[in-house]
Amino acid sequence: MTYQFPAYYHDFHCISKDCPDTCCGGWNISIDPESLKRYRQILKNPDSPCHSGAFLRRFKKSIDFRHSCIHLSNGYCPLLTKDNLCGMYLQLGSDSLCKTCRTYPRHQEEFGSLREISLSLSCPEAARIILSQKTKPQMQTRHTSKKCPAGQQVDPNLLAWLIEVRKTLIDILWNPHYPLEISVSIALAFGHHLQKYHSRGQNYQNNRFCLEAAFENLTSLSQRYRTDEKTSHSWLSALLMLYSSLEPVVEIWPQLMKLCQTAVPGYFHAASHGTNDRILERQLVTYFIQIYFLGAVYDDRLYDKIQFAAVSWLFIRLAAMALAQQNSSLTPNASLNAFWVQAAYLYSRQIENYDRNLNCLFDAFHTDKTFNLISLLSFITQVIC
């Protein structure tokens, strides 16, 4: 088995009471099978320390054994104490925590014999660490003698090809000769081109990808996606309508949507909504590519992953601008970056931590012509005009 993780992975440490938010609210907490067994035993054991008082009542009421989750109460885990501490940890010890609570914000994706471990952007401190890196992320590798469990194998040739494609995509995003908008546009055009070949079963014919060829592919599309600001406003409004239709997971999501709506008129003119060095934004797009792209080994929709990364960046950019406008007295670049971090972790909680919303976006981007390649490139072009 091979394990890969970003070099900054071990930099994370929970900042506890200094965190601007709590990881114990905003989504139902899934419970792994082993923890469910343990919780059943706790309730059956008359000598259990939780078999008396208010904690027992909360414990029994909050655990949904049928759906394997902890249901929230008023948006928060019902096992939280008044001091926002974990009641289960206090009453039953650290071993009682389910896998989700024990490992968050650490996250693992499985691709056959490859395990990719990352930090989730939905944690404010993890988001700060991810977006504060100053260079292109580097992955570290650890090999073990453990074998891939039966039934979890994937096509090794397809996986190897996707890994090569992802590496090229990240190189495109970090090419110092292109502005970020051009790099993202190249990645989109490149991915769309590869998707057509992959759909024809020609994915392994050439594992050497040329950045110059990718740029030429974008240039060949350039005459088709020139547009005006009015059309781009309509595109952004359609995007906001889609995000506003999602089921609220983050408590302030409806309020954030209203703030974003007020920020739309200045999106194409305000220089303040970009970061000072654009490295933070490159880290953001890279995060989504790194996390999602290899998932194409299961569904063959590799372009959709690049599209999701690009749209997520554009939306978080708008949300960061809206948050900065709401706090217009804070103008230094460091403060602007803080709004990007806040927008990123709120977005991740609303989208990444709730599969229904995540799937809704992927389906809309895949089927709605409003978000097709030409429309997306048109909008990005207007942003940098």
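This is a predicted model: local features need pLDDT of at least 70, side-chain atom pairs count only at pLDDT 80 or more; totals for chains, interfaces and linings use all residues.
Biologist: Which element gives the largest share of the lining of the largest cavity?

Modeller: The lining residues include P6, Y8, S118, L119, Q283, T286, Y287, Q290 and I291. The elements that give two or more residues to this lining are β6 (114-119) and α11 (279-292). The largest share is five residues, and the element that supplies them is α11.

Biologist: How many charged residues are in the lining of the largest cavity?

Modeller: The lining also includes I130, P137 and M139. By class, eight of the lining residues are nonpolar and four are polar. The number of charged residues is therefore none, as Asp, Glu, Lys and Arg are those that count as charged.

Biologist: Which element supplies the largest share of the lining of the second largest cavity?

Modeller: The second largest cavity is lined by P6, E109, E116, I117, S118, M139, Q290 and I291. By class, these divide into four nonpolar, two polar and two charged residues. At least two residues come from each of β6 and α11. The largest share is three residues, and it comes from β6.

Biologist: Is α11 largely enclosed or largely open to the outside?

Modeller: A residue is taken as buried when its relative accessible area is under 20%. Of the 14 residues of α11, 13 are buried, so the helix is largely enclosed by the rest of the structure.

Biologist: How far apart are the end C-alpha atoms of α11, and what span should its residues give?

Modeller: The helix has 14 residues, and at 1.5 Å a residue they should span 20 Å. The distance between the end C-alpha atoms agrees with this expectation, because it is 20 Å.

Biologist: Which residue of β6 stands opposite Q4?

Modeller: Strand β1 (residues 2-6) pairs with β6 in the parallel sense, over three bridges. Opposite Q4, the residue in β6 is E116.

Biologist: Which residue in β4 is the bridge partner of S30?

Modeller: Three strands form an open sheet in the order β2-β4-β3, with antiparallel pairing. Here β2 (29-30) and β3 (63-64) stand at the edges, each with a single partner strand, so one side of each has no neighbour in the sheet. Two bridges join β2 to strand β4 (residues 69-70). The bridge partner of S30 in β4 is C69.

Biologist: Which residues lie nearest the centre of the second largest pocket?

Modeller: This pocket has a volume of about 940 Å³. The lining divides into 25 nonpolar, five polar and seven charged residues, and α3 (87-92), α4 (99-103) and α5 (124-131) each supply at least two residues. Of the 37 lining residues, those nearest the centre are C14, T22, C23, C24 and C86.

Terms used
Residues are numbered from 1 along each chain as its sequence is written. Side-chain values use heavy atoms; hydrogens and water are left out. On a 1 Å grid over the protein atoms alone, a cavity is a set of points where a 1.4 Å probe fits but cannot get out, and a pocket is an open set with protein on both sides within 12 Å along at least five of seven lines; lining residues have an atom within 4 Å of a point. Helices (H or I, at least four residues) and strands (E, at least two) are DSSP runs, numbered from the N terminus. Two strands pair if DSSP finds at least two bridges between them. The expected span of a helix is 1.5 Å times one less than its number of residues. Buried means under 20% relative accessible area, exposed over 50%, partly exposed in between (1.4 Å probe, protein chains only). Grid points are joined across faces, edges and corners, and a volume is the space filled by probe spheres set on the points.
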